[in-house]
Amino acid sequence: MSLGSVPLKYKISIDRDQCMKCMRCVDNCSYGVYRVEDDKILIDSRKCTACHRCISMCPRDAINLQERPVDYRSHPLWTVEAREDVINQARTGKIILAGMGNAVDYPIIFDRLVLDACQVTNPSIDPLREPMELRTYIGKKPSKLEFTKNNGDIDLKTKLSPNLKLDTPLMIGHMSYGAISLNAQLSLAKAVAKTGTFMGTGEGGMHEAIYPYQDHTIVQIASGRFGVDIDYLERGAAIEIKVGQGAKPGIGGHLPGEKVCADVSCTRMIPLGSDAISPAPHHDIYSIEDLAQLVRSLKEATNWEKPVFVKIAAVHNVAAIAAGIARSSADAVVIDGFKGGTGAAPKVFRDNVGIPIEAAIAAVDQKLNDQGIRNEVSIIASGGIRNSGDLAKSIALGADAVYIGTASLIALGCRVCGNCYRGLCPWGIATQKPELVNRIDSDVGAENVANLIHAWTLELSELMGAAGLNSIESLRGNRERLRGYMLDQGLLDVLKIESVGA
Amino acid sequence: MAEPLVIDAKGMHYTPLNRQIREALASGVKEIVLNNVLGQRFIGNGLRGDAKIIVNGVPGGDLGMFMSGPECEIFGDAEHAPGNTMDNGALIIHGSAGDAVAHSMRGGKVFVEGNIGYRGGIHMKQYECKRPILVIGGTSHAFLGEYMAGGLILVLGIGHEPAVQDRGIGSGIHGGEIIIRGDVDEKLLGVGAKKVDFTEEDLENVAPVIKEFCERFDIDPKPFLDTNYSKIVPASARPFAGKYTWE
């Protein structure tokens with residue numbers, strides 16, 4: 001028997017008194033919600049994804065969107081989503097894929113952490129008047145410095161490892177060309193070049209349009225090794241080995257053949273229209289020793305001139321794994337929390353596997369400190385960083401810098417509709433269709449993303465000033481400046497912070 | 001022809017050894033002989049150009065990784081993952097090699113006179129004129145050509161009957177071809193792999209590779225120039241299509 005259809009997710013309506021029939025909604029909707037018949041705009045709400053493109057382009061604010069216009073019988077356990085997933089799998093017998101990050105209503109630890117500020121004693125600092133030191137170096141720091149005297153001069157004898165110099169402790173994480181469009185990637189590249197920071201290329205090679213900004217890129221080598229050759233490795237300012245991703249820990253990925261267009265095929269170095277399959281593990285890494293071999297292999301191939309990062313998903317034993325990575329010659333460990341975004345991931349992984357970034361940062365920082373090797377690696381945190389408050393809290397928990405992903409896409413228009421996998425992104429971000437990609441002017445996009453980075457940097461300076469700190473080093477791992485609000489004792493212990501009032 | 005540069009690698013750490021090789025190539029040296037190599041990793045890593053490197057001894061892991069052009073001839077066995085993500089050039093190994101030989105290799109040739117370990121040729125891939133070739137004179141352990149996305153793996157099985165007797169051949173293969181001397185038991189094929197007839201046309205295509213391999217190792221190619229091979233190819237170019245539904 002047929003299961004019939006499930007109710008609409010969104011209902012679109014047009015205020016016909018307001019509408020001037022400019023047809024911008026019809027032109028802008030790439031999902032086909034609108035069509036014109038007999039001079040009337042007709043609506044097919046079932047096709048709507050709540051991407052807000054039409055709403056943002058409507059000059060009269062005539063479009064209204066309602067989520068879940070049809071009620072189910074309410075039930076605390078059998079949520080609408082639980083019921084609809086069962087219906088979907090009863091129909092198909094398949095694994096459910098979903099876009100964007102974790103969509104389960106887990107408590108957000110960031111929102112249960114509060115920052116400190118000075119009152120009366122230890123006066124706060126006004127960043128307008130005093131210099132605030134946000135410059136951040138990512139890479140190994142020597143455990144001690146040795147000098148030699150040279151005719152009255154002092155020369156540094158210790159050989160320093162290569163570090164990345166960031167003007168702000170904020171970078172853009174890895175989103176590949178293929179997952180996002182070239183204009184989106186170009187916008188991000190121009191923005192990081194403008195703001196003195198870096199972006200990840202993702203797995204999938206580097207398009208030649210990005211070459212002018214290559215000194216601001218971190219190239220990624222993942223299990224599929226797509227687009228990886230010696231030229232690619234030499235182009236990046238740093239190299240990142242992707243072991244795992246917060247949105248889907250423990251599994252690989254694959255770019256479906258239909259997304260492998262001519263340009264993507266050329267950048268990834270695979271045939272047009274073929275599936276790009278990244279296996280779950282790197283098949284030359286089955287142990288920490290093998291990881292060390294890959295780290296060193298990358299360093300040998302690039303003459304020990306580039307920092308090598310290792311990115312892992314935040315999982316239960318993240319601290320012990322990070323301690324292993326710190327001993328592998330890697331220069332930074334990237335930890336991606338379970339709220340990290342993705343173009344597509346099996347829903348059961350996205351919503352159920354991994355741990356929150358807040359706990360992972362604290363656990364890793366603590367473990368590395370306990371073992372006396374915190375200087376061996378920088379910690380880069382990612383996965384659900386929404387604003388400068390999350391940024392400041394991440395650093396106070398022990399991170400050196402953060403990666404943002406989703407936030408930088410929202411700065412390009414993304415409204416987190418979660419339909420990235422359909423390749424029809426009306427904002428020109430998660431699509432390869434030229435007419436959609438062209439909706440992004442990379443100069444305008446770069447300005448928006450640079451504005452965001454600039455704004456968070458300003459806010460971070462203000463937060464630090466208010467706490468009486470004038471350098472980012474004084475905030476890093478400074479858990480004394482954090483308090484937990486309504487967190488249980490177990491979590492307070494993991495985060496190594498006190499409760500509010502304590 | 002200039003005299004080759006000879007380096008005694010006895011007791012040397014791999015970093016100074018590789019730096020010496022890199023500097024020599026940069027200064028225009030075309031041929032290098034490395035003596036007493038014992039476990040030094042990353043020899044040939046990321047090197048470009050058309051130099052020749054002779055390795056006397058047993059090099060360590062990731063021999064020729066990311067290499068793009070040179071030829072390394074090894075008089076000895078090789079360790080883990082020779083030819084890893086190699087782009088161009090050749091590795092000629094007069095001996096056997098460890099696991100993950102030619103991992104993710106995208107171009108050039110890896111010839112192994114003896115046997116190889118597990119996961120040989122895993123995720124090899126091809127693009128336009130770049131087609132990697134892995135030839136094994138002896139036999140291979142399990143998961144040969146796993147996730148293979150392009151290129152050619154040829155197993156001659158010299159001294160082995162059958163040529164391959166470990167399982168998981170071509171699991172997840174979605175491009176390229178695996179050619180194995182003699183018959184291959186169907187039950188040894190991995191998920192997504194299928195066996196097809198090896199035709200005269202196939203022989204025509206693969207004969208130059210057989211001849212080149214035999215020439216490098218001083219083997220008479222004649223006994224190998226027939227159609228007594230099994231050819232293993234992807235059952236589908238999209239092994240994971242059909243596994244997923246959208247939210």
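Two residues are in contact here if their C-beta atoms, placed from the backbone, lie within 7 Å. Keep that in mind for the interface. One caution before we start: this is a predicted model.

So, the two chains. How many residues of chain B are in contact with chain A? The count is 37 on chain B, against 32 residues on chain A. Which elements of chain B give two or more residues to that side? They are α1, residues 14-26, and β12, residues 244-246. β12(B) gives the most, with three residues. By residue class, the side of chain B that touches chain A has 13 nonpolar, 14 polar and 10 charged residues.

Now chain B by itself. It has two helices and 12 strands. Read from the N terminus, the order is β-α-β-β-β-β-β-β-β-β-β-α-β-β. The radius of gyration of chain B is 18 Å, close to the 18 Å that the globule rule gives for 247 residues, so chain B is as compact as a globular protein of that length. Its C-alpha trace spans about 55 × 55 × 30 Å along the principal axes. Of the 247 residues, 53% count as buried. Then sequence separation. Take the contacts in chain B between residues at least 6 apart in sequence: 40% of these join residues at least 24 apart.

Over to chain A, and a helix pair. Two packed helices are described by the angle between their axes and the distance between the axes. The pair is α8(A), residues 318-326, and α10(A), residues 357-370. Their axes come within 8 Å and cross at roughly 50°. The crossing is right-handed.

Which residues meet? From α8(A), we have V318(A), A319(A), A320(A), A322(A), A323(A) and A326(A). Facing them from α10(A) are A360(A), A363(A), V364(A), K367(A) and L368(A).

Last stop: helix α11 of chain A, residues 388-397. Is α11(A) largely enclosed or largely open? Eight of its 10 residues are buried, so α11(A) is largely enclosed by the rest of the structure. The cut-off for buried is 20 or more other C-beta atoms within 10 Å of the residue's own. The buried residues are D390(A), L391(A), A392(A), K393(A), S394(A), I395(A), A396(A) and L397(A). Note that D390(A) and K393(A) are in that buried set. What follows α11(A)? G398(A) does, and its phi is positive, near 135°.

Conventions:
Residues numbered from 1 in each chain as written. Chains lettered and ligands numbered in written order. Predicted model: local features only at pLDDT ≥ 70, side-chain atom pairs only at ≥ 80, totals over all residues. Axes fitted to C-alpha atoms, helices over the stretch in contact; angles between N-to-C directions. Helix = DSSP H or I, 4+ residues; strand = E, 2+ residues; numbered from the N terminus. Left-handed = near helix turned anticlockwise from the far one by under 90°. Rg over C-alpha atoms; globule rule 2.2 N^0.38 Å. Buried ≥ 20, exposed ≤ 12 C-beta atoms within 10 Å, placed from the backbone. Nonpolar A, V, L, I, M, F, W, Y, C, P; charged D, E, K, R; others polar.
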